[in-house]
Amino acid sequence: LPKLGMQGASLQSSERQGRHVTASQMLPEGSVIVECDAFAWCVLDSFKKRVCDHCLNTCVRCTEKCRECDQVWYCSVVCSQAALALHAKVCEARKRLAVMKISSHVSSLVGMAASIVQNRGALATYPEFLDLVGFPSLMEEDDVKEMHKALSALHLPCEAKEVLAFISRIECNGFGVSLREHECL
């Protein structure tokens, strides 16, 4: 769960806004407000040779890659070996996504969803994630078609509708990879 890093900030939850932080006073610029471990991550295709898929550190050029899927890169042998158990569960899915004719945006979202489903089990077992607000109806129609195509090819152990709702939470809550200080914003 998130840890609040400042006095004057509190974690709130409402049906309309989902889970959010509220400040009761002015916070200094650059303040760390919330800290938490990443629930999941997926390095975007455009960064995959420059961001380690395990520790998320940036590299001039990552030197180790998965020889099976050719889709994830690591900054060292140590990270490659540390990631092996989790990556093995999604390696085949990453390989299938790489050859599909879908946008890199959709590929990244579906890759992250596949990672969570395969490595963490049923999505319903993560209530703190399900507290986040998502709006599947606001997703681009073409993106949703591509997502359905990708999800049907991946054979994930849950319904596509459930994964699309999950992807909507990612989109609506501004998840992403930050190269600055290797932190999730």
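These are my notebook entries on what I looked up in a predicted model of one protein chain.

**Ground rules**

I number residues from 1 along each chain as its sequence is written, and my side-chain values use heavy atoms, with hydrogens and water left out. As the model is predicted, I take local features only at pLDDT of at least 70 and side-chain atom pairs only at pLDDT 80 or more, while totals for chains, interfaces and linings use all residues.

**Confidence**

I checked pLDDT, the predictor's confidence in each residue on a scale from 0 to 100. The chain has a mean of 78, and 79% of its residues reach 70 or more. Residues 176–185 stay under 50, and the model has twelve contacts for them beyond four places in sequence; a contact here is heavy atoms within 4.5 Å. Where pLDDT is low, the predicted coordinates should not be read in detail.

**Layout**

I took helices and strands as DSSP runs numbered from the N terminus (helices H or I, at least four residues; strands E, at least two). I get five helices and six strands, in the order β-β-β-β-β-β-α-α-α-α-α from the N terminus. Among the contacts with a separation of 6 or more, 55% come from residues 24 or more positions apart.

**Surface and burial**

I used Shrake-Rupley accessible areas with a 1.4 Å probe; for residues, only the protein chains shown count as cover. The chain's accessible surface is about 11400 Å², and carbon and sulfur atoms hold 53% of that. For burial I call a residue buried under 20% relative accessible area, exposed over 50%, and partly exposed in between (1.4 Å probe, protein chains only). On that scale, 33% of the 185 residues are buried.

**Cores**

Next I looked up nonpolar cores, which are sets of buried Ala, Val, Leu, Ile, Met, Phe, Trp, Tyr and Cys residues joined through side-chain atoms within 4.5 Å. The largest has 27 residues, and Val110, Met147 and Ile167 have the most contacts inside it. Helices α1 (77–99), α2, α4 (141–154) and α5 (160–172) each put in at least two residues. Helix α2 gives the most, with eight. A second, separate core has eight residues, including Cys66, Val72, Tyr74 and Cys91.

What does Val110 touch, not counting residues up to four places away in sequence? I find Leu97, Met147, Ala150, Leu151, Leu154 and Ile167.

I also looked at Ser107, in helix α2 (residues 104–120). Ser107 counts as buried because its relative accessible area is 10%. Leaving aside neighbours within four places in sequence, Ser107 is in contact with Asp45, Leu97 and Ile102.

**Surface patch**

For patches I used residues with over 30% relative accessible area and no salt bridge, joining like charges within 9 Å and nonpolar side chains (Val, Leu, Ile, Met, Phe, Trp, Tyr) within 5 Å. Leu11, Val21, Ile33 and Val34 make a nonpolar surface patch with about 260 Å² of accessible area together. Val34 sits in strand β4 (residues 34–35) and is partly exposed at 35% relative accessibility.

**Salt bridges**

Side chains of opposite charge can pair when their charged atoms come close. My cut-off is a side-chain nitrogen of Lys or Arg within 4 Å of a carboxyl oxygen of Asp or Glu. How many turn up in the whole structure? The search finds three.

- Lys65 pairs with Asp70, closest N and O atoms 2.6 Å apart. Lys65 is partly exposed at 28% relative accessibility, as is Asp70 at 35%.
- Glu92 pairs with Arg96 at 3.8 Å between the closest N and O atoms. These two are four residues apart in helix α1, so about one helical turn separates them. Glu92 is partly exposed at 42%, and Arg96 is partly exposed at 30%.
- Glu141 pairs with Lys145, with 3.6 Å between the closest N and O atoms. They are four residues apart in helix α4, so about one helical turn lies between them. Glu141 is exposed at 56%, and Lys145 is exposed at 51%.

Most residues other than glycine have a negative phi, and most peptide bonds are trans. Leu56 is not a glycine, yet has a positive phi of about 65°; Leu56 lies in the loop between β4 and β5 (64–65). Asp70, which I noted above as the salt-bridge partner of Lys65, also has a positive phi, near 60°. I place Asp70 in the loop between β5 and β6 (73–74).
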